[in-house]
Amino acid sequence: MFTGNHHTQGLKDMVNSYLDGSLEQTDLLSYGLFMQAMNEMVEDSLKFFNDEAKVLKDKILELGIADRLAFKEIEEIGGLEVMLRDFVFDEFVGRTELVKLVRGSRAYTKNLQDFYKRMSALTTPKQGLTLEGEVGTQAGVDGEYGMMRTYNSAVVRDSYMIMNPAEAQKY
């Protein structure tokens, strides 16, 4: 919670006020603190993705597999560092969206450890999901335990992140 001399506003209220455009108009101090916090989170996130891309680059060089990469194409998109940074970011966003599509929000589990325990079947190689009917009949387990074998429909909304405010007009 951000505090001023005579005004206290919760973060949730601040986010809602920021999104509807009223925060800057009604509470300049909170707006400044909110923007500072947002900028710090963005900087921390970009540093994380850049650091992870560097770890990946170092591993590629250490294993000697850089010569297998198509450097002409890589240079056309900005070089190895840019490609790896974009890959790390896209992989992070892709996995997050896949989790939301298949499992839903982490808010539905009691803690983060429980969430990842239940997600392991989705993100661990060579471990398939248990499908309906595979468990058989056991005490306390009905025959419908497991993932549905077929889905009638699914809706996947495109997701994107605007990295540059000038790009916002495209959407």
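1. A residue is called buried when its relative accessible area is under 20%, exposed when that area is over 50%, and partly exposed in between. By this scale K47, with a relative accessible area of 49%, counts as partly exposed. The structure discussed here is a predicted model, and the points below should be read with that in mind.

2. The structure holds five salt bridges, and K47 takes part in one of them, with D51 as its partner and 2.7 Å between the closest N and O atoms. Because K47 and D51 are four residues apart in helix α3, which covers residues 28-63, about one helical turn separates them.

3. The closest N and O atoms of E62 and K59 are 3.6 Å apart. Where the two residues stand on the accessibility scale should be noted separately, since E62 is exposed at 59%, whereas K59 is partly exposed at 40%.

4. A further salt bridge joins D86 to R85, and here the closest N and O atoms are 3.6 Å apart. D86 is partly exposed, with a relative accessibility of 35%, and R85 is likewise partly exposed, at 33%.

5. Turning to the aromatic residues, a search of the whole structure finds five aromatic pairs. Among them is the pair of F48 and F49, which is edge-to-face, with 5.5 Å from centre to centre and 65° between the planes. F48 is partly exposed at 42% relative accessible area, while F49, at 8%, is buried.

6. F49 also pairs with F92, and because their ring planes stand at 65°, with the centres 5.3 Å apart, this pair is edge-to-face as well. Since F49 belongs to helix α3 and F92 to helix α5 (residues 80-102), the pair ties together parts that are 43 residues apart in sequence. F92 itself is partly exposed, at 45% relative accessibility. Taken together, ring pairs link F48, F49, F89 and F92 into a cluster.

7. Finally, the surface includes a nonpolar patch of about 370 Å², which is made by L11, V15, Y18 and L19. V15 is found in helix α1, which spans residues 11-19. With a relative accessible area of 31%, V15 is partly exposed, and it can belong to the patch because patches are made of residues with over 30% relative accessible area.

Notes:
Residues are numbered from 1 along each chain as its sequence is written. This is a predicted model: local features need pLDDT of at least 70, side-chain atom pairs count only at pLDDT 80 or more; totals for chains, interfaces and linings use all residues. Side-chain values use heavy atoms; hydrogens and water are left out. Patches are made of residues with over 30% relative accessible area and no salt bridge: like charges are joined within 9 Å, nonpolar side chains (Val, Leu, Ile, Met, Phe, Trp, Tyr) within 5 Å. Accessible areas come from the Shrake-Rupley method with a 1.4 Å probe; for residues, only the protein chains shown count as cover. A salt bridge is a side-chain nitrogen of Lys or Arg within 4 Å of a carboxyl oxygen of Asp or Glu. Helices (H or I, at least four residues) and strands (E, at least two) are DSSP runs, numbered from the N terminus. Buried means under 20% relative accessible area, exposed over 50%, partly exposed in between (1.4 Å probe, protein chains only). Rings of Phe, Tyr and Trp (its six-membered ring) pair if their centres lie within 6.5 Å; planes under 30 degrees apart count as stacked, over 60 as edge-to-face and the rest as tilted.
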